Amino acid sequence: MSTPDSTTTPGSTITPGSPFGGLELDPRVTPLNIAAGVGTLTALHSAPVGQRRGTVLFVPGFTGSREDFRTFLPLLAERGWDAWVYSQRGQADSVGPEGVENYSLDLFAADAVEVARIVAAEIGDATVHLVGHSFGGCVARAAAILDPSAFASLTLLCSGPHGWPGRHQDTEYAVQEGGSIGLWYRDNPHTLGMPDEDMDPEMAFLRHRAAATSSDNLISGARILRNDPDTTPELAATGLPVLVAHGEHDDKWPIPMQRDSALRLGAYYAVIPVGAHSPQFEAPEATAVALDAFWADH
């Protein structure tokens, strides 16, 4: 288990946390709890190696959590970045209020602004570089529009400018019928009744996460992914530097839509070789290089 992070101080809104779902964390990654307005949001932190270059904060995507970046944060820390990720409300072991109304895009975005402010205050930075992955990109885009002064830049990682009709409608039906764990067993029927010890550790973790994730989070997230309006003009008006990046094989968010978003924003644009929809797993070094180059300019 990781040791308490040197970032935390007595009376801090950031306190030592615990790993979730039986995962072993890299010793360079520390689990933390963030006391936010909605309740406790869990986070991971990797402290920079050598000269500190700035602070970066990741927002995970639909059905995801902080663990989606657990192996990636150290790559950024090695490059001097103070790297953070948090699980959004209703994801895994973060607080999960009851009621779909507690998972609006506005509330997700307000959480991102609040976490960014808390992290910046703890570290001593004025702003952080914000990265939203997939659905997390919808949240990050809304957060940047809500309070651009909280951020040094915005990266939309495998995330487009708006939703489209029918997206995740079947997911919503599955969650309404069987909850978040029902969605897991729909997609992974071979794991029904299988003990954790007979499963690959990663699969066992993913099942634990599905069981812990709020069904209201998933239902609202599916609706946001269908109905999220195009806010490209509002984002451009913030004046924030923006990077649109995706894996060259991204099959979850149409690549032409992401490319068009970058063009309309006048944003930086990066295609990550070998990567698909989660390039931090599929092509971590290339993803780190793309993000590092963008942040170094801002």
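This is a predicted model: local features need pLDDT of at least 70, side-chain atom pairs count only at pLDDT 80 or more; totals for chains, interfaces and linings use all residues.
Q: What about Val 274, what is its phi near?
A: For Val 274, phi is near 75°, and that is again a positive value in a residue other than glycine.

Q: Where is the place of Val 274, and is Val 274 buried or exposed?
A: Val 274 has its place in the loop between β9 (268-272) and α9 (279-282). With 55% relative accessibility, Val 274 counts as exposed.

Q: On to helices. What span should helix α2 have, and how far apart are its end C-alpha atoms?
A: Helix α2 covers residues 105-123, which is 19 residues, so at 1.5 Å a residue it should span 27 Å. Its end C-alpha atoms are 27 Å apart, which agrees.

Q: Which residues of α2 are buried?
A: Among the buried residues of α2 are Leu 105, Phe 108, Ala 109, Asp 111, Ala 112 and Val 113. Further along, Val 115, Ala 116, Ile 118, Val 119 and Ala 120 are buried too.

Q: What is α2 followed by?
A: Gly 124 follows α2, and the phi of Gly 124 is positive, near 95°.

Q: How about α3, how many of its residues are buried?
A: In α3, 10 of the 12 residues are buried, so this helix is mostly covered. Those buried residues include Phe 135, Gly 136, Cys 138, Val 139 and Arg 141.

Q: What covers the buried residues of α3?
A: The cover includes the strands β4 (54-59), β6 (128-133) and β7, along with the helices α2, α6 (215-227) and α7.

Q: And how far does α3 reach?
A: Helix α3 (residues 135-146) reaches 17 Å from its first C-alpha to its last, close to the 16 Å expected at 1.5 Å a residue.

Q: Now the aromatics. How many aromatic pairs does the structure hold?
A: There are 10 aromatic pairs in the structure. In one of them, Trp 81 and Trp 295 have ring centres 5.3 Å apart and planes at 65°, so the pair is edge-to-face.

Q: Where in the chain are Trp 81 and Trp 295?
A: Trp 81 is in strand β5 (residues 81-86) and Trp 295 is in helix α10 (residues 284-296). They are 214 residues apart, and the pair links distant parts of the chain.

Q: Are those two buried or exposed?
A: Trp 81 is buried, with a relative accessible area of 2%, and Trp 295 counts as buried at 1% relative accessibility.

Q: Which residues form one aromatic cluster?
A: Trp 81 and Trp 295 form one cluster together with Phe 58, Phe 69 and Phe 72.

Q: Which charged end sits over the ring of Trp 253?
A: That is the charged end of Arg 167, 4.0 Å from the centre of the Trp 253 ring. Arg 70 lies over the face of Phe 205, at 5.9 Å from the ring centre.

Q: Last topic: how do the axes of α4 and α5 cross?
A: The axes of helix α4 (residues 169-187) and helix α5 (residues 201-212) come within 7 Å and cross at roughly 145°.

Q: Which residues meet there?
A: From α4, Ser 180, Ile 181, Trp 184 and Tyr 185 meet Met 203, Leu 206, Arg 207, Ala 210 and Ala 211 of α5. By class, this contact of α4 with α5 has 7 nonpolar, 1 polar and 1 charged residues.

Q: And Gly 182, where is it found, and is it buried or partly exposed?
A: Gly 182 is found in helix α4, and at 22% relative accessibility Gly 182 counts as partly exposed.

Note on methods. Residues are numbered from 1 along each chain as its sequence is written. Side-chain values use heavy atoms; hydrogens and water are left out. Helices (H or I, at least four residues) and strands (E, at least two) are DSSP runs, numbered from the N terminus. The expected span of a helix is 1.5 Å times one less than its number of residues. Buried means under 20% relative accessible area, exposed over 50%, partly exposed in between (1.4 Å probe, protein chains only). Rings of Phe, Tyr and Trp (its six-membered ring) pair if their centres lie within 6.5 Å; planes under 30 degrees apart count as stacked, over 60 as edge-to-face and the rest as tilted. A charge sits over a ring if NZ of Lys or CZ of Arg is within 6 Å of the ring centre and within 35 degrees of the ring normal. Axes are lines fitted to C-alpha atoms, for helices over the stretch in contact, and angles run from 0 to 180 degrees between N-to-C directions. Contact means heavy atoms within 4.5 Å. Ala, Val, Leu, Ile, Met, Phe, Trp, Tyr, Cys and Pro count as nonpolar, Asp, Glu, Lys and Arg as charged, and the others, Gly among them, as polar.
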